Amino acid sequence: MVEQFVGKWTLVSSENFDEYMKAVGMSFATRQMGNLAKPNLVISVGDDGVISIKAESTLKTTAIKFKLNEEFDETTADGRSARSIFTIENGKLVQKQSWDGKTTTLEREVQDGKLTAKCIMEDVVAVRTYEKAA
């Protein structure tokens, strides 16, 4: 089920991401960097079932490794300490991230050869679209 996500993906569009970062509580300076970054996502799955998502940009590279349905500690790209869990729901790779009594949801989905990442924080929704790198 995760196989469709495997590969290298290049960011081609980003809608409402600044508002999402603001809703999550990121500082102005962090949001400026986040808006400038055009990350590539590299998603892989190991033989042991561990999934790796690496976000590479000229500004910063972050990586997380996890197993589906197993909660883990994550330090986010902006430095928050969060608890995260990934599940598969209706063909989507869904990440729930919780910290300081707040929760955000990231839904990643592959359709028509594109990977969309819908970032949801309360009533704020951002959509980032990636295309598979050749």
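## Aromatic pairs and nonpolar cores in a predicted model

The end C-alpha atoms of residues 7-24 lie 28 Å apart, and this span is 44% helix and 50% strand; helices (H or I, at least four residues) and strands (E, at least two) are DSSP runs numbered from the N terminus. The unreviewed UniProt entry annotates residues 7-24 as "domain: Cytosolic fatty-acid binding proteins"; UniProt positions follow the numbering used here, feature names are shortened, and annotations may be inferred rather than shown by experiment.

The model is predicted: local features need pLDDT of at least 70, side-chain atom pairs count only at pLDDT 80 or more, and totals for chains, interfaces and linings use all residues. Residues are numbered from 1 along each chain as its sequence is written, and side-chain values use heavy atoms, with hydrogens and water left out.

Rings of Phe, Tyr and Trp (its six-membered ring) pair if their centres lie within 6.5 Å; planes under 30 degrees apart count as stacked, over 60 as edge-to-face and the rest as tilted. By this rule there are four aromatic pairs. One of them joins phenylalanine 17 and tyrosine 20, which is stacked because the ring centres are 6.0 Å apart and the planes are at 20 degrees. Both residues belong to helix α1 (residues 17-24), where being three residues apart separates them by about one helical turn. Another stacked pair is formed by phenylalanine 66 and phenylalanine 86, at 3.6 Å centre to centre with 5 degrees between the planes. This pair links distant parts of the chain, 20 residues apart: phenylalanine 66 is in strand β4 (residues 61-66) and phenylalanine 86 in strand β6 (residues 81-89). Ring pairs also bring Phe72 into a cluster with Phe66 and Phe86.

The table gives the accessibility of residues in these two pairs; buried means under 20% relative accessible area, exposed over 50%, and partly exposed in between (1.4 Å probe, protein chains only).

| Residue | Relative accessible area and class |
|---|---|
| Phenylalanine 17 | 14%, buried |
| Tyrosine 20 | 5%, buried |
| Phenylalanine 66 | 3%, buried |
| Phenylalanine 86 | 0%, buried |

A charge sits over a ring if NZ of Lys or CZ of Arg is within 6 Å of the ring centre and within 35 degrees of the ring normal. The charged end of arginine 128 is placed in this way over phenylalanine 17, 3.8 Å from the ring centre. Arginine 80 lies over the face of tryptophan 99, at 4.2 Å from the ring centre.

A nonpolar core is a set of buried Ala, Val, Leu, Ile, Met, Phe, Trp, Tyr and Cys residues joined through side-chain atoms within 4.5 Å. The largest such core has 18 residues, and Ile53 and Leu115 have the most contacts inside it. At least two residues of this core come from each of β1 (7-15), β2 (40-45), β3 (51-56), β4 and β9 (114-121). Strand β3 gives the most, with three residues. A second, separate core of twelve residues includes Met26, Trp99, Met121 and Ala126.

Serine 84 is located in strand β6 and is buried, with 0% relative accessibility. Its side chain makes a polar contact of 3.4 Å with that of glutamine 95; such a contact is a pair of N or O atoms within 3.5 Å, where within protein one must be able to donate a hydrogen and the other to accept it, and residues adjacent in sequence count only if both atoms are side-chain atoms.
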